[in-house]
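Colleague: I have a model on screen and would like to learn how to read it. Can we go through it feature by feature?

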Amino acid sequence: MNSQLIHVYLMPGMAANPTIFEHIKLPEENYKIHWLEWQIPDYNETLSTYAQRMCKFIEHDNVVLLGVSFGGILVQEMSKFLTLKKLIVVSSVKSYHELPKRLKFLKITKAYKILPTSLLGNIDLLAKYAFGETIKKRVDLYKKYLSISDKTYLDWAIKQVVCWDQEKPNTDATYIHGDKDVIFPHSCGGNCHVVAGGTHIMIITKFKWFNENLPKLIMA
């Protein structure tokens, strides 16, 4: 029976740990969920090289690979080195064309090199960067989910998002986006499953939608 299991690997978003997926539940008779975690990159490591390194954590063949936000960018890069059953990209971008103007500006000016990432140990600032929201009443939530404040990682991650060069959407990917996503507001167009009321953290707040729809999308 175990040989029939579909293995589903989940990659969290920037600075987030995989507990963002704690409410994602799939039928255990058909699916086995595996959480992936961010590794601290080498300072000048390319996204492609990092993606190859992350592929070493995929221990099964023909898996489902799902990534959220920056994790969605990463899994698109990882898919170039893997044979997948399904690639699912959540709350992310399909190409660099969908990056918001503020991020394109950072690339043009190279201002991403001087962002005060050392201040992102402040959980409120980190939440703003990673989730698009200040903490307000969610301080415990963000302390739980945002655990990576290493400056090398944050400098590297911001640069990889800003400088991502994918020209066209991956035609093999299933894209899922919320219509209230303020981090990536231009990603609902094209071949995309749009979640009504979904924000950038809908993997947490809309987990019931994912639990209901992921099996159908995986088998589509």
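Colleague: How many residues has helix H6, and what span does it reach from its first C-alpha to its last?

Modeller: Keep in mind that this is a predicted model. To judge a helix, set its span against the value expected at 1.5 Å a residue. H6 covers residues 151-162, twelve residues in total. Its span is 17 Å, close to the expected 16 Å.

Colleague: Is H6 mostly covered or mostly open?

Modeller: Count the residues under 20% relative accessible area. H6 is mostly covered, with nine of its twelve residues buried. Among them are Tyr-153, Leu-154, Trp-156 and Ile-158. Asp-155 and Gln-160 are buried too.

Colleague: Which side chain reaches the backbone at the start of H6?

Modeller: Look at Asp-150. One of its side-chain oxygens comes to within 3.0 Å of the backbone nitrogen of Thr-152.

Colleague: Now the sheet. What is the order of its strands?

Modeller: The order is E2-E1-E3-E4-E5-E6, an open sheet of six strands with parallel pairing. E2 (31-35) and E6 (193-195) are the edge strands, each pairing on one side only. On average, neighbouring strands are turned by 20° against each other, direction ignored.

Colleague: Which strands does E1 pair with, and over how many bridges?

Modeller: Take each neighbour in turn. E1 and E2 are parallel and share five bridges. Tyr-9 is opposite His-34 of E2. E1 also runs parallel to E3, with four bridges between them. There, Val-8 has Val-64 as its bridge partner.

Colleague: Which residues of E1 lie on one side, and which on the other?

Modeller: In a regular strand, side chains alternate between the two faces of the sheet. In E1, Ile-6, Val-8 and Leu-10 are on one side, while His-7, Tyr-9 and Met-11 are on the other. Both faces are covered. Six of the six residues of E1 are buried.

Colleague: How many bridges join E3 to E4?

Modeller: Five, between residues 64-68 of E3 and 86-90 of E4, and these strands run parallel. Leu-66 pairs with Ile-88 in E4.

Colleague: Let us zoom out. How many helices and strands does the protein have?

Modeller: Eight helices and six strands. From the N terminus, the elements run β-β-α-β-α-β-α-α-α-α-β-β-α-α.

Colleague: What share of the residues counts as buried?

Modeller: Of 220 residues, 52% are buried. For the surface, look at area and atom type. The accessible surface is about 10900 Å², and carbon and sulfur atoms supply 52% of it.

How values were computed: Residues numbered from 1 in each chain as written. Predicted model: local features only at pLDDT ≥ 70, side-chain atom pairs only at ≥ 80, totals over all residues. Heavy atoms only, no water. Helix = DSSP H or I, 4+ residues; strand = E, 2+ residues; numbered from the N terminus. Expected span 1.5 Å × (residues − 1). Buried < 20%, exposed > 50% of the residue type's maximum accessible area, 1.4 Å probe, protein only. Polar contact = N/O pair within 3.5 Å; in protein donor to acceptor, adjacent residues only side chain to side chain. Pairing = 2+ DSSP bridges. Axes fitted to C-alpha atoms, helices over the stretch in contact; angles between N-to-C directions. Areas by Shrake-Rupley, 256 points an atom, 1.4 Å probe, with all protein chains shown as cover.
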